[in-house]
Amino acid sequence: AQTGATAALRGMLKDPSGSVFGGQAVTLTSMPTGVARVVETNAQGVFFFAAIPPGNYELKVEAAGFAPYLMRDLTLAVGQQASLDITLGLAVFEQAQTIRAGVSLV
């Protein structure tokens, strides 16, 4: 039996084309306590956190080839069944290029 003193968070993870992808870790961290819970998206890209104590959270997703996703100040209330769909952007890689000009010695 549920007491209703908790919240839940469900969402779907997509890439920029709208395709879902599974097997990705989604981390939900309590801001006051620092306690983190990690779930993995299923084959349909769905993640689900059940029986979450109400409070303020940070949600983070990191996937190879994609820009990290970070949502701060995610507040979940008692009895709330929150839904959050996430579309990850492509990673932007910065490359440093060093050019050395040849110096002629006379």
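**Sheet, core and aromatic pairs**

Reader: How do β5 and β6 pair?
Author: β5 and β6 pair in the antiparallel sense, over six bridges. Bear in mind that this is a predicted model.

Reader: How many bridges join β2 to β5?
Author: Five, and those two strands also run antiparallel.

Reader: What is the strand order in the open sheet?
Author: The order is β3-β2-β5-β6, four strands with antiparallel pairing. β3 (36-40) and β6 stand at the edges with a single partner strand each, so one side of each has no neighbour in the sheet. On average, neighbouring strands are turned by 20° against each other, direction ignored.

Reader: Back to Leu59. What does it touch?
Author: Leaving out residues up to four places away in sequence, Leu59 touches Leu9, Val26, Thr27, Leu28, Phe49, Tyr69, Leu70, Met71, Leu74, Leu84 and Ile86.

Reader: Which residues have the most contacts inside the largest nonpolar core?
Author: Leu9, Leu28, Phe49, Leu59 and Ile86, in a core of 20 residues. The elements giving two or more residues to this core are β1, β2, β4 (46-52), β5, β6 and β7 (81-87). As background, nonpolar side chains in soluble globular proteins tend to be buried together.

Reader: Switching to rings. How many aromatic pairs are there in the whole structure?
Author: The search finds two. In one of them, Phe21 and Phe66 have ring centres 5.3 Å apart and planes at 15°, so that pair is stacked.

Reader: Where do Phe21 and Phe66 sit in the chain?
Author: Phe21 is in the loop between β1 (7-14) and β2, and Phe66 is in the loop between β5 (55-61) and β6 (69-76). They are 45 residues apart, and the pair links distant parts of the chain.

Reader: Is Phe21 buried or exposed?
Author: Buried, with a relative accessible area of 15%. The cut-off for buried is under 20%.

Reader: And what about Phe47 and Phe49?
Author: Their rings form an edge-to-face pair, 6.2 Å centre to centre with 65° between the planes. Both Phe47 and Phe49 are buried.

Reader: Thr29 next. Where is it, and is it buried or exposed?
Author: Thr29 is in strand β2 (residues 25-30). Its relative accessibility is 17%, so Thr29 counts as buried. Beyond four places in sequence, Thr29 contacts Gly34, Val35, Ala36, Asn56, Tyr57 and Glu58.

Reader: How far is Ser83 from Met12?
Author: The two are 8.6 Å apart, C-alpha to C-alpha, and 71 residues apart in sequence.

Reader: Last one. What is the average pLDDT of the protein?
Author: The average is 86, and 84% of the residues score at least 70.

Reader: Where does pLDDT stay under 50?
Author: Over residues 95-106. That stretch has zero contacts beyond four places in sequence in the model.

Methods:
Residues numbered from 1 in each chain as written. Predicted model: local features only at pLDDT ≥ 70, side-chain atom pairs only at ≥ 80, totals over all residues. Heavy atoms only, no water. Buried < 20%, exposed > 50% of the residue type's maximum accessible area, 1.4 Å probe, protein only. Contact = heavy atoms within 4.5 Å. Phe/Tyr/Trp six-rings, centres within 6.5 Å; stacked < 30°, edge-to-face > 60°. Core = buried A, V, L, I, M, F, W, Y, C linked by side-chain atoms within 4.5 Å. pLDDT = per-residue confidence, 0-100. Pairing = 2+ DSSP bridges. Axes fitted to C-alpha atoms, helices over the stretch in contact; angles between N-to-C directions.
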